[in-house]
Structures are given as structure tokens and as C-alpha cells.
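Subject: Structure handover

Hi,

Here is the structure I promised to pass on to you. Please open it next to this message, and I will go through what turned up.

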Amino acid sequence: MSATADHAEERTNPAVRLGFQPGQVVQEIGYDDDVDQELRDAIEEAIGSDLMDEEYDDVADAVVLWFRDDDGDLTDALVDATTYIEEGGAILLLTPKTGRSGYVEPSDISEAATTAGLTASKSVSVGKDWSGSRLATPKAAKSKK
């Protein structure tokens, strides 16, 4: 594939823009009826396989965490999610956008990520109803993997 085709895919596939790559094992936590199915499909297309569900009991390269304000404690959810990923892996935290049911304040995300020992590397709009925050484990933050 040419460099231009790679760049075109980065612009059109949000999963590629978020750093998902072929062959990665990605575990999904917090799936419900309200998730963005197009984003899920884009991630599966980018990695070349299905997302693993919450019952997956091996180590993943990344975790997709759908989280709403009434889902409990965000810090606990992030700490739990880090137990599922390889050292240097990333968590894509997906929360409802401003004004949507279940919206989570950016300051709450930042505080929970810091408390869980994660570094927020970027926030992006990933659909009409969801925003994403890419959170890196300390190893990934240091090595820029």
C-alpha cells in the first residue's frame, strides 16, 4: 500500500486514526445497546478480527472501555482495565459526548486516569454520540510505543 493510501485510511477509518493495527488483540469492556456500532466495526476491520468480550481471560494489546457516568467509579474501571493489557498497551476510554445521557466531565476523566497511573495522550471525537480518550500505561507513555 502506498503512503498516500495509508494516509487516506487514517483519515477515513477512526480506528486507524486511534492507533489500532492489524493483528492486535483488543478487549472490549462496557458494551451495551448504546455503543457506536460503526466504531466497533472499524476497530474490528483495523485489527482484522473480532473484539474480545469481558470474559476474555488472556492479555490484550489494548482495551476499549465504554463508560457512562452511572457505570460506577471510573478510577476503579480504569484500574481493572489495566489488568487486561500488555505492558505498554493502551486503553481507549469512550464516554458519551456533552449533553448526552451518561456524559462524563473531562476533569473527572483526567483525575481518574492520573489516579489509575495512566497518561492521556489524546482525546478525539469518535462518532456522533461518543468521545474517546486514548490512555497509555506508564511504559507506553515513556517509550512512545
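Below are the findings, from the overall fold to single elements.

Please keep in mind that this is a predicted model.

**The whole chain**

The protein has six helices and five strands. Read from the N terminus, the order of its elements is α-α-β-α-β-α-β-α-β-β-α. Of the 145 residues, 43% are buried. If you take the contacts between residues at least 6 apart in sequence, 73% of them join residues at least 24 apart. The exposed surface comes to about 8000 Å², with carbon and sulfur atoms supplying 46% of it.

**Strand S1 and Gln27**

Strand S1 covers residues 26–29. Val26 and Glu28 point one way from this strand, Gln27 and Ile29 point the other way, and all are buried.

S1 pairs with strand S2 (residues 60–66) in the parallel sense, over four bridges.

Which residue of S2 is the bridge partner of Gln27? It is Val63. Gln27 itself, a residue of S1, counts as buried because its relative accessibility is 0%, where the cut-off for buried is under 20%. A polar atom of the Gln27 side chain lies 3.0 Å from the backbone oxygen of Asp53. Leaving aside neighbours within four places in sequence, the residues in contact with Gln27 include Met52, Asp53, Glu54 and Tyr56, along with Ala60, Ala62, Val63 and Val64. Tyr84 is also in contact with Gln27.

Helix H4 takes in residues 74–82, and its buried residues are Leu74, Thr75, Ala77, Leu78 and Ala81. These are on the same side of H4, because they cover an arc of only 160° around the axis. As a reminder, an α-helix has 3.6 residues a turn, so residues three or four places apart point the same way. What covers the buried residues of H4 includes S1, S2, strand S3 (85–96), helix H5 (106–115) and strand S5 (130–136). At the start of H4, a side-chain oxygen of Asp73 comes to within 3.2 Å of the backbone nitrogen of Thr75.

In H5, the buried residues are Ile109, Ala112 and Ala113. Seen down the helix axis they fall within an arc of 100°, so they line one face of H5. After H5 comes Gly117, which has a positive phi, near 80°.

**The hairpin of S4 and S5**

Strand S4 (residues 119–125) runs antiparallel to S5, and six bridges join the two. They form a hairpin, with four residues between the strands. Thr119 stands opposite Ala136 in S5.

Best wishes

Methods:
Residues are numbered from 1 along each chain as its sequence is written. This is a predicted model: local features need pLDDT of at least 70, side-chain atom pairs count only at pLDDT 80 or more; totals for chains, interfaces and linings use all residues. Side-chain values use heavy atoms; hydrogens and water are left out. Buried means under 20% relative accessible area, exposed over 50%, partly exposed in between (1.4 Å probe, protein chains only). Contact means heavy atoms within 4.5 Å. Accessible areas come from the Shrake-Rupley method with a 1.4 Å probe; for residues, only the protein chains shown count as cover. Two strands pair if DSSP finds at least two bridges between them. A polar contact is a pair of N or O atoms within 3.5 Å; within protein, one must be able to donate a hydrogen and the other to accept it, and residues adjacent in sequence count only if both atoms are side-chain atoms. The arc is that of the directions from the helix axis to the C-beta atoms.
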